[in-house]
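Good morning, colleagues. Please look at the sequence and the structure as I bring them up.

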Amino acid sequence: MRRVQALAFDDPEQVPELVDALRGAPGANAPISLVATRHDQVVGHVMLSACRLDSQPRLVDVLSLSPLGVHPDHQRHGVGTQLIKAALKAADDRGVPLVFLEGSPTYYGTRGFQRASACGFRSPSLRIPDPAFQVAKLSSYEPWMTGTFVYSESFWANDCVGLRDPELFARIAAQD
Ligand SMILES: CC(C)(COP(=O)(O)OP(=O)(O)OC[C@H]1O[C@@H](n2cnc3c(N)ncnc32)[C@H](O)[C@@H]1OP(=O)(O)O)[C@@H](O)C(=O)NCCC(=O)NCCS
């Protein structure tokens, strides 16, 4: 899993370390870690981990979908799409109402996610371009569940929230 994520993100440290941290992190919902295999090799990996929604009536236990990575040699064959589908089903089966992520609105927008700000959710960071902050509403979602999405400590400790590159931020924000 570490290798696939390192290759997918072209990042030998930050993302694999996030995976390790999330797998060991405490939380109301145990982390979900799913792999896609081909000929007994791991070619894709996705994680769901416990985060919170700071809603007016009470805190809501939600999940973050991150990271999602597919081995570069196996991209564009539907692996990412299948991992997202399986992840959302696993979250729904657990009765989790909402799954949040940061990512391409073009990619995730056709795979169960929609723009979170348009649904009444507030981003946890000003460094997340608005179109990239997305949510999937699952079966147990109820309309009162609005508020601020709060990442778990592992995301902050590994500096994996939002974008630090102003040019990349501007490019994604322009996808409005
Ligand atoms: C993004 C990623 C998970 C997609 O996995 P995949 O198995 O290649 O995706 P699928 O085969 O299910 O879907 C392919 C489609 O996604 C599109 N796509 C892939 N990466 C994309 C991206 N970053 N932004 C927008 N679209 C993207 C492709 O153009 C393709 O579209 P097409 O079918 O119209 O040609 C994979 O490319 C990857 O691991 N990328 C590097 C890590 C990463 O960016 N992860 C997501 C972080 S939010």
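First, the basis. This is a predicted model, in which local features need pLDDT of at least 70 and side-chain atom pairs count only at pLDDT 80 or more, while totals for chains, interfaces and linings use all residues. Residues are numbered from 1 along each chain as its sequence is written, and side-chain values use heavy atoms, with hydrogens and water left out.

Let me begin with the ligand. It is surrounded by 18 residues, and V70, R76, G78, G80 and T81 are the closest; a residue is near a molecule if one of its heavy atoms lies within 4 Å of it. By class, this shell has 7 nonpolar, 8 polar and 3 charged residues. Here Ala, Val, Leu, Ile, Met, Phe, Trp, Tyr, Cys and Pro count as nonpolar, Asp, Glu, Lys and Arg as charged, and the others, Gly among them, as polar.

Which atoms of G80, H77 and Q75 lie by ligand oxygen atoms? I list polar contacts, meaning pairs of N or O atoms within 3.5 Å. For G80, a backbone N or O atom lies 2.7 Å from a ligand oxygen. For H77, a polar backbone atom is 3.2 Å from an oxygen atom of the ligand. For Q75, a polar side-chain atom lies at 3.4 Å from a ligand oxygen. On its own the ligand has 880 Å² of accessible area, of which the protein covers 64%, by the Shrake-Rupley method with a 1.4 Å probe.

The largest pocket holds about 1,200 Å³ of space, a volume being the space filled by probe spheres set on the points, which are joined across faces, edges and corners. Its lining numbers 42 residues, with F9, L68, E102, G103 and Y108 nearest the centre. Strand β3 gives the most to this lining, 6 residues; strands (E, at least two residues) and helices (H or I, at least four) are DSSP runs numbered from the N terminus.

Finally, the backbone. The S66 to P67 peptide bond is cis, with omega near -5°, and P67 is placed in strand β3. D40, although not a glycine, has a positive phi of about 65°; D40 lies in the loop between β1 (32-38) and β2 (41-54).

Notes: Polar contact = N/O pair within 3.5 Å; in protein donor to acceptor, adjacent residues only side chain to side chain. 1 Å grid on protein atoms, 1.4 Å probe; cavity = no way out; pocket = protein on both sides within 12 Å on 5 of 7 lines; lining within 4 Å.
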